Amino acid sequence: MLRDFKYHYKIPLSLTLVIAVTALVVSATLTLLAYQNAKRELISNALGLGKVLSRTLLPAMLHDEPWQAYEIVATPLEIRTERGAAERVIVVLDAKNQVYVSSSPMRFPMLERLGAVDPEFGVIEKRVAGQSNDEAFTAEESDWQYIHVVVPILAEDGARLGTLIVASSHSLFLPQFYAALGGVALSTLAVLVVLLPIGWYWGRRMAEPLEYLAESMAKVGREPIEELRRGLPRSGDEVGMLGKGFDRMLQELEEKKAMEKQMLASERLAAIGRLTAGISHEINNPLGGMLNAISTYKKHGSGDALTMKTLSLLERGLLQIRETVGALLVEARLESHALTAQDIEDARTLVTPEAQKKGAQLVWRNEIAEPLPLPSTQVRQILLNLLLNAVAATEHRGRLECSVSRVNGSLRMSIANDGRQISRERLDHLYEPFAAQGEAAVGGSGIGLWVTYQLVQQLNGRIDTDSRPGGTTFTVELPIDT
Amino acid sequence: MRPLLRALLFCVAFSFASNVLASDPIRIGTTPVFLDDQASFLGAWQRYMEQRLGRPVRFVQRGSYREITELVREDQLDFAWVCSPPYLRNRDRMVLAAVPLHRGKPLYQSYLIVPAGDRTTKSFADLRGKVYAFSDPDSNSGWLAPQTEMRHQHIDSSTFFKRSFFTWAHKKVVEAVAVGLAQGGSVDGYVWETLQLLHPELTAKTRVAWKSPWYGFPPIIARRSIAPTVLAQMQDLLVGMKDDEDGRRLLRQLDLDGFERGNDALFEGVEKNLKYVLGL
């Protein structure tokens, strides 16, 4: 039950609980102290009163003047009579422990035995009777109405004339206790009012990163990883460590996914390559035979005009098939010379008119200084293909960028246009032949990028596409054998 | 500095007084036969007397009738307001100066009072085994009169009551009965009636269970050795109080109608009680 309770509530509640319990314990302690203080004060008060009275009573007891004795014990209580309840009772016992006088003569009549009036006072009477010394003492029990302070009345020579009992009701110190209690309650309340919101806020702040982490983890697979990685806790504590760990996991996951996707794409492209190569060979062999047959017939045959026309038609169709198949089957062609800066400039020359037709600006950066050991024909074709694609993709009066440079051990060609972003679906099948069909194809026969890809593959290079709103950049890196 | 200053002032005031008033103060002893614990009243009465006598007047208060009686016997007091027994027993040293008039007569009664909650007690006989309060052994209403009544009923107060005690003042008898310290008490009827006017909440806690026959009102006496002119002056002053406004105001506070010169015949009843109870 408690384990299923969310940290969102658990931490603030725990803090709140700790604050509340602390405040309660402190106020309970203070209350107890206030109670004990009030009681102690009451007892010392009663003791002081008893000692004064016992001395004042001495002449009245000696001369046997009950009225005088009554006036002495009644006077200190007169101030309080308005309160009504018998909060304090003073009883004077004679030497025989009978009531000599009391402040409440109706309740404790003269010459009465205390035990006959009130069992509580009966206990006091017994203790007085059993007392071996002449010391003052205090008596109280939890279920008693009064706290009793008992003071002996001694003559000058030490003879015991009687005993004075000052019985103080618990209600006497209650007002003082309640006042203290009120103070304690008020300050506890103030402390709680200040600390509870702080505790709650603090708890929420502690729980927040954990919550965010939990929520983010729950979203893995449903929301883009980029999104999830944003806002993860990165503090130095355990939660921050969790956040960093989770971030690393997400990053690895992202890389793995990208790699998988890339592998899938290149595997697919390789399969297509194998397929087209196979089909091309299978087509080329009979095609060669058929073309030879037509050529032979045209040379030696005696065909009429219709036959010649038909054969010519067949020949043109077969030649187109061969051309198409040849284009699909990108073969390492004839040996070509090493790549020079001029080869790159040639591409520029070729593409400039196309760019001008569209009113596009071409930014050119050619940093090749010396010939590179790369087959110039293939590189030129790659560059040209990509440049023509870029011109086609760019907006009217757009901007094209081409930069060719040597980076470490590679030739890097980067061709950028400011055309529309390529859609995700299209991007997944970008290099496949005829993939653009059914969609607004960007010119060409639909095999330009396929050919480019095949050429790059043959040169052990790699080609990357980065398409975002505002433009697309193709980057080709070709390793240079040294 | 301050005690010195005070002593100096006292000397100046004393010499001034003796020069201007040209005589010693008249000393008057009071007892609780009336409510002598009202200091402001005594002050007013003192000024009233000083104006008319042309002499300083000092009121002297003591804890019991006996102490006042002793002071008169030693000529240390010129006048005293005492109860009739001390006067009757000390006529060798005292002369009658005046007798107050209450409800028009120089007479009063002794009351037996019980707590208001006691609805059954009608006489002393009903108070066997109870605690009883007397005011003063030298008082008629607070001791002699009830003793006489008890003796008539063959009651010995020393064994009949569980306990009896003196409060040394009539007002305190009322208080003792009111708070329940005593279940019965004997009080000057005049004092009880006056208290009912001044402190009705106190007398309301008591009930008058029995009233004695009428007796001569506690008199104002003078020491026998007093100068006849002073005695006459004082007698004129007291008797004349009812004839002027200031005097009547003071009398109203005392709940008295005035003073008359009176005579010993008024106290025959008390005298009989003294013989009956004490064999005098």
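**The sheet of chain B**

Mentor: In chain B, strand 4 (residues 94-101) and strand 12 (residues 220-223) run antiparallel and are joined by four bridges. One residue pair shows how they line up: B:Ala98 in strand 4 has B:Ile220 in strand 12 as its bridge partner. Keep in mind that this is a predicted model.

The two strands belong to an open sheet of six strands in chain B, and the order across the sheet is 2-1-3-12-4-13, with mixed pairing. Reading that order from one end to the other, the edges are strand 2 (57-61) and strand 13 (258-260), each of which pairs on one side only. From one strand to the next, the twist averages 25 degrees. As background, strands of a sheet pair through backbone hydrogen bonds, and the pairing can be parallel or antiparallel.

Two helices that pack on this sheet can be described in turn. Helix 3 (residues 65-73) of chain B touches strand 1 (26-30), strand 2, strand 3 (79-81), strand 4 and strand 12. The direction of helix 3 makes about 155 degrees with that of strand 1 of chain B. Helix 10 (residues 228-240) of chain B also packs on the sheet, and its contacts are with strand 3, strand 4, strand 12 and strand 13. Here the angle is about 10 degrees, taken between the direction of helix 10 and that of strand 4 of chain B.

Setting aside neighbours within four places in sequence, B:Ile221 is in contact with B:Phe79, B:Ala80, B:Val82, B:Tyr87, B:Met94, B:Val95, B:Leu96 and B:Ala97. B:Ile221 also stands out in the largest nonpolar core, which has 110 residues: together with A:Ala69, B:Ile221 touches the most other members. The largest share of this core, nine residues, is supplied by helix 1 (residues 7-62) of chain A. Apart from this core lies another, of 38 residues, including A:Leu374, A:Ile382, A:Leu411 and A:Ile463. In general, nonpolar side chains of soluble globular proteins tend to be buried together.

The contact takes nine residues from chain A and ten residues from chain B. On the chain A side, the largest share, three residues, comes from helix 2 (residues 66-78). By type, the chain A residues that touch chain B divide into nine nonpolar, no polar and no charged.

Some figures for each whole chain put the sheet in its setting. Chain B has twelve helices and 13 strands, and 43% of its 280 residues count as buried. Of the contacts in chain B with a separation of 6 or more, 79% are between residues 24 or more positions apart. Chain A contains twelve helices and twelve strands, and of its 482 residues, 26% count as buried. For chain A, 64% of the contacts between residues at least 6 apart in sequence join residues at least 24 apart.

Technical notes. Residues are numbered from 1 along each chain as its sequence is written. Chains are lettered from A and ligands numbered from 1 in the order in which they are written. This is a predicted model: local features need pLDDT of at least 70, side-chain atom pairs count only at pLDDT 80 or more; totals for chains, interfaces and linings use all residues. A residue is buried if 20 or more other C-beta atoms lie within 10 Å of its own, exposed if 12 or fewer, and partly exposed in between; C-beta atoms are placed from the backbone. Two residues are in contact if their C-beta atoms, placed from the backbone, lie within 7 Å. A nonpolar core is a set of buried Ala, Val, Leu, Ile, Met, Phe, Trp, Tyr and Cys residues joined through C-beta atoms within 7 Å. Two strands pair if DSSP finds at least two bridges between them. Axes are lines fitted to C-alpha atoms, for helices over the stretch in contact, and angles run from 0 to 180 degrees between N-to-C directions. Ala, Val, Leu, Ile, Met, Phe, Trp, Tyr, Cys and Pro count as nonpolar, Asp, Glu, Lys and Arg as charged, and the others, Gly among them, as polar.
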